[in-house]
Amino acid sequence: MVIRKFLVFGILLVLVWNCKKDDDGPQVEAVPPRILSEVAAEDDIKIRAYLSTHFYNYEEFANPPAGFDFKIKIDTIAGDNAGKTPLLDQVASKVVQIPSSRFSGLQEENNVNHTYYYLKAREGAGSSATVADSVLVRYEGRLLDGIQFDASNITAVWFDLGSQIQRPGAVNGLAFAMPNFKSGTNPIVFEDGTFTYSDHGVGAIFLPSGLAYYNASSGVIPRYSPLIFMIDLFTYVEDTDHDRDGIPSIMEDLNGNGYLYDDNTDDDLEPFNVFIPNFLDPDDDGDGIPTRQEIIINPDGSLTFPDSNGNGIPDYLDKDYPNKF
């Protein structure tokens, strides 16, 4: 039931997105898309080959020269740089399982492993956001061949990671990868209006196409393209509450898998096959009583979750309370 309704909702989102007149948006190919597991395996080979043959300016980060801007610069290991340490020896990696239902028209496959790689050039003196938070990031996006496709330049932009994971046309891999980095501490504003943060996290993210645009093209980005993002993580909004129900969105990840869109307590009560995950639903159990009225927000900001009928399910998730006992 949950899977079927999620698929219907996903298809509707894609149809709505594709009907928008946006010449700069991703363009989905008309021919049937390739099999997700095959592309994931090919992308990993491409990314690992890139990481094996390229290095970054790690020596400058280890011993910053005067005026160093803490920008990652990537170059090929060749010639005078033949002895440099490859990125592959300096990155970490994580695996995200992606079902084919994330994309329209794919042959059905569940839990296809996608490996992304990330480089922490500078740790950052702050703390890490969660997949449900909003982050303030300066970024630069490139293809494996070095072509730049996007950048926030000297400014920074806010990314809502919770929405980024599922939003059509978004690079959801950024939402999975961003919690690996730490924010800065004190904001510094310059006379020209630009700003930075003290000791903010600096890094790079290497994403397979299944965590990016997959079979869609966008500007200079071809279909099935792995992507590189260089990022500066300045700060973030902690305990983001998307539906303003009093419960931070990260606490509405009930199964703890880091994916907010597969937690939907009242799925069987939602009409017209509409799928509203808990972190976007102000009435999580669909009983007509807002979630905010079924929890207790204590003076110190902590939460208490009453279980009035003692069945082990808190009221705000209990579809049988208060109508049935």
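**Close-ups of a predicted model**

**View 1. I231 and its neighbours.** Skipping residues up to four places away in sequence, I231 is in contact (heavy atoms within 4.5 Å) with V137, R138, Y139, M178, F181, G201, V202, G203 and I205. This is a predicted model, where local features need pLDDT of at least 70, side-chain atom pairs count only at pLDDT 80 or more, and totals for chains, interfaces and linings use all residues. Numbering starts from 1 along each chain as its sequence is written, and side-chain values use heavy atoms, with hydrogens and water left out. I231 sits in strand β13; helices (H or I, at least four residues) and strands (E, at least two) are DSSP runs, numbered from the N terminus. With a relative accessible area of 2%, I231 is buried, where buried means under 20%, exposed over 50%, and partly exposed in between (1.4 Å probe, protein chains only). I231 and V137 are 94 residues apart in sequence, yet their C-alpha atoms are 6.6 Å apart in space.

**View 2. The largest nonpolar core.** A nonpolar core here is a set of buried Ala, Val, Leu, Ile, Met, Phe, Trp, Tyr and Cys residues joined through side-chain atoms within 4.5 Å. The largest one has 44 residues, and V135, L227, F229 and I231 touch the most other members. Elements that each supply at least two residues include α2 (36-53), β4 (92-98), β6 (134-143) and α5 (173-177). β13 gives the largest share, five residues. A separate core of 19 residues has I72, L87, V91 and F206 among its members. As background, nonpolar side chains in soluble globular proteins tend to be buried together.

**View 3. Around V135.** Which residues does V135 touch, not counting those up to four places away in sequence? They are A129, V157, W158, F159, L161, M178, L233, T235 and Y236.

**View 4. β5 and its strand partners.** Eight of the 11 residues of β5 are buried, so this strand is largely enclosed by the rest of the structure. β4 and β5 run antiparallel, joined by seven bridges; strands count as paired if DSSP finds at least two bridges between them. Y116 in β5 is the bridge partner of K94. β5 also pairs with β11 in the antiparallel sense, this time over five bridges. There, K120 stands opposite G203 in β11.

**View 5. R138 and D232.** These two side chains meet in a salt bridge at 3.0 Å, N to O; the term covers a side-chain nitrogen of Lys or Arg within 4 Å of a carboxyl oxygen of Asp or Glu. The pair links distant parts of the chain, with R138 in strand β6 and D232 in strand β13, 94 residues apart. R138 is buried at 12% relative accessible area, and D232 is buried at 6%. K71 joins R138 and D232 in a network of salt bridges.

View 6. The whole structure has eight salt bridges. In one of them, the R34 and E42 side chains meet at 2.7 Å, N to O. R34 is partly exposed at 31% relative accessibility, and so is E42 at 34%. E140 and R142 form another, at 2.4 Å, N to O. E140 counts as partly exposed at 22%, as does R142 at 27%.
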